[in-house]
Amino acid sequence: MAQKLDRAQVVETALRLLNETGLEGLTLRRIATELDCKAPALYWHFANKQALLDELATEMLRRMIATTASPGPDAPWQEWITATSRALRSILLSCRDGAKVFSGTRLTETVHAERMDGLLGALVRAGFAFPDAVEAYFASYAFTVGFVIEEQAVEPLPGQRAPGYDEDERAALIGPDFPLAAAAGAGLFSGYEERFERGLAVVVAGVEAVLGPKG
């Protein structure tokens, strides 16, 4: 008698295949083949690929919450933004195309709410108007997800370089006519750790300058 397929098993298999095939190669049919079952068995748990992606994004967030501590209730808002952004980037990088999977999905649980509430609370306690606190949260979230989407386009997996991002080839192609654009390659397609931290510092400074308490 065949073992009953459960939702967690499907998610675990999908995440493993995601690292092998990337987002475009991940299909319910491929997952069914891997689990040695018929595709209709998966539809009991996920009506379509988007429903599966929603659950994958939620699982990534569950893992982030389980493996990273949130700042304490008295921590400054800057620490809440930087710690949350670093934790999100780390979990997105743990899966091939993780940021693409995460972007635009709808979470299937409220697992995100506690940490989001903590970050917003830190901003409000610091004197931010609530709408500005929400904008600050979104700015840091959008920066992080967008940064990782671009990072994973160049390096799908750690140590793996995608074709088309060779800096010397790029410089040879556009350098004669557009030398500044060619020289920018080194600053666009490498040094992600340092560039993320610098970008995050820009976001924090911008949040304080534009959205922070006035007066």
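Biologist: Why is Arg7 called partly exposed, rather than buried or exposed?

Modeller: Buried means under 20% relative accessible area, exposed means over 50%, and partly exposed lies in between, with a 1.4 Å probe and protein chains only; Arg7 has a relative accessible area of 32%, so Arg7 falls in the middle class. This is a predicted model, in which local features need pLDDT of at least 70 and side-chain atom pairs count only at pLDDT 80 or more, while totals for chains, interfaces and linings use all residues. Residues are numbered from 1 along each chain as its sequence is written, and side-chain values use heavy atoms, with hydrogens and water left out.

Biologist: What makes the contact of Glu55 and Arg7 a salt bridge?

Modeller: A salt bridge is a side-chain nitrogen of Lys or Arg within 4 Å of a carboxyl oxygen of Asp or Glu, and here the N to O distance is 3.1 Å, so the pair of Glu55 and Arg7 meets the definition. Glu55 belongs to helix α4 (residues 49-67) and Arg7 to helix α1 (residues 7-25), 48 residues apart, where helices are DSSP runs of H or I with at least four residues, numbered from the N terminus.

Biologist: Why does Glu55 count as buried?

Modeller: Its relative accessibility is 5%, and because the limit for buried is under 20%, Glu55 qualifies.

Note on methods
Helices (H or I, at least four residues) and strands (E, at least two) are DSSP runs, numbered from the N terminus.
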